[in-house]
Amino acid sequence: DIETVEGLLYFTPDGKLEFRDDYHNHAESKHIQERYLEVLSPDGQVLFRNDRLGDATLGGPVFANEGVGGYSGRTERLADGTRVALVSRRHTMAGRPILIRLAYSMEPIWGQIYQLLLAFLAALPIALAGAGFAGYSLARRALDPLSQMTRRAEQITPDRLHERLPVENPHDELGQMGRVFNDTLDRLENAFDQMRRFTADASHELRTPLTAIRSVGEVGLQRDATREEYREIIGSMLEEANRLTRLVENLLAVSRADAGQVHLQRRPIPVLDLTRESAALLDVLIDEKDQKLQLDGDATATVIGDRLILRQAVVNILHNAIKFSPVHGAISVSTTQDDREVRIRIADSGPGIAEEHRDKVFQRFYRVDSSRSSDTGGTGLGLSIAQWAVQAHGGRITIDNLSGAGCAFQIAIPSGCLG
């Protein structure tokens, strides 16, 4: 625009500066009529002002180097408060230096800005309402699976542990949380089922000796018996009382093991000495059935563990072998050792254990033949306690049927096991 103004300015013969506003060599020159124009001499004398500017000043006094070597741009306000964008430039016309100041009003721009702001302010509540509704809908859809899980979780009680949380997408965060929660419910359901079975079995086992004691006592009170008959009655009651005592002790051991209240006192244990000590505790039972017990093995075999706990495991398995081996039967106990583990093998001459029962005999209160176990005074907890004792030392128990008759239990514990 300044270059256009330079081409339209001219001096009259009397030296007055004029502006040729009736000549437009291109379309852009028409815009000059909409500008504020002021031409000054270097000393600040006004040489020309267009009609749009009138008597107002444009930019104030001339400052040093204004418009020299380029364009001096700035914003100013006219006397009436109009905001303008102003550009100054030095120019030489007919050998005379002049300073051209050209400005345009910024009010239309500010007016458009104000209108745009008003439009934004008017649309803001609508936009916020729409965004809020959309966000609420989106959040509701996103959290709907969580709401379903919450409602289902509120319905799960100890009697309804079989129910599970609904999982729509198992791969997202909510799906992973639901899957983990369902896995937890699986474990809780198994624990509750195990507790119910344990309670029912324990109640049954406790009821049997108590019923026997009561029956024998009532029979004894209903008749006048001799001294020997009373001794026999009392002996029967004591036998049932001993059975009840063993059952309570086993139940206490099981409950302590489940609660983690058994702390192992680890010491080096010569395994062959441990088997001899265990067999000595059962000498009376072996003599009653006139059975032959053979002990042999590696005298150097040693493990690190709790002697009492491991002895209980060996005693329970050996007692089981004695119960189910026939009169005059044979039982062998041997110990071996290699670089990885120490093994205790207890073989009996009993009827053996069928394939379908091998994995179940370590379950609490499980009996291959319940009637025979009742006759022998078993409670179905001995092998379960033995398995726990061995596993507490990082070992395992396996069962193999022998080719002739009987079966062999093998205890394997890591050599020098520190648990």
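Q: What does it take for two strands to pair?
A: Two strands pair if DSSP finds at least two bridges between them. Helices (H or I, at least four residues) and strands (E, at least two) are DSSP runs, numbered from the N terminus. This model is predicted: local features need pLDDT of at least 70, side-chain atom pairs count only at pLDDT 80 or more, and totals for chains, interfaces and linings use all residues.

Q: In which sense do strands E3 and E4 pair?
A: Strands of a sheet pair through backbone hydrogen bonds, either parallel or antiparallel. Here, E3 (residues 36-40) and E4 (residues 46-49) are antiparallel, with three bridges. Glu 38 has Arg 49 in E4 as its bridge partner. Five residues lie between the two strands of this hairpin, and Gly 44 in the turn has a positive phi of about 95°.

Q: What is the order of the strands in the open sheet of five?
A: The order is E9-E11-E12-E14-E13, and the pairing is mixed. Strands E9 (292-297) and E13 (396-401) stand at the edges with a single partner strand each, so one side of each has no neighbour in the sheet.

Q: How many bridges join E11 to E12?
A: Six bridges join E11 (residues 330-337) to E12 (residues 341-347), and the two run antiparallel. Thr 335 stands opposite Ile 344 in E12.

Notes:
Residues numbered from 1 in each chain as written. Heavy atoms only, no water.
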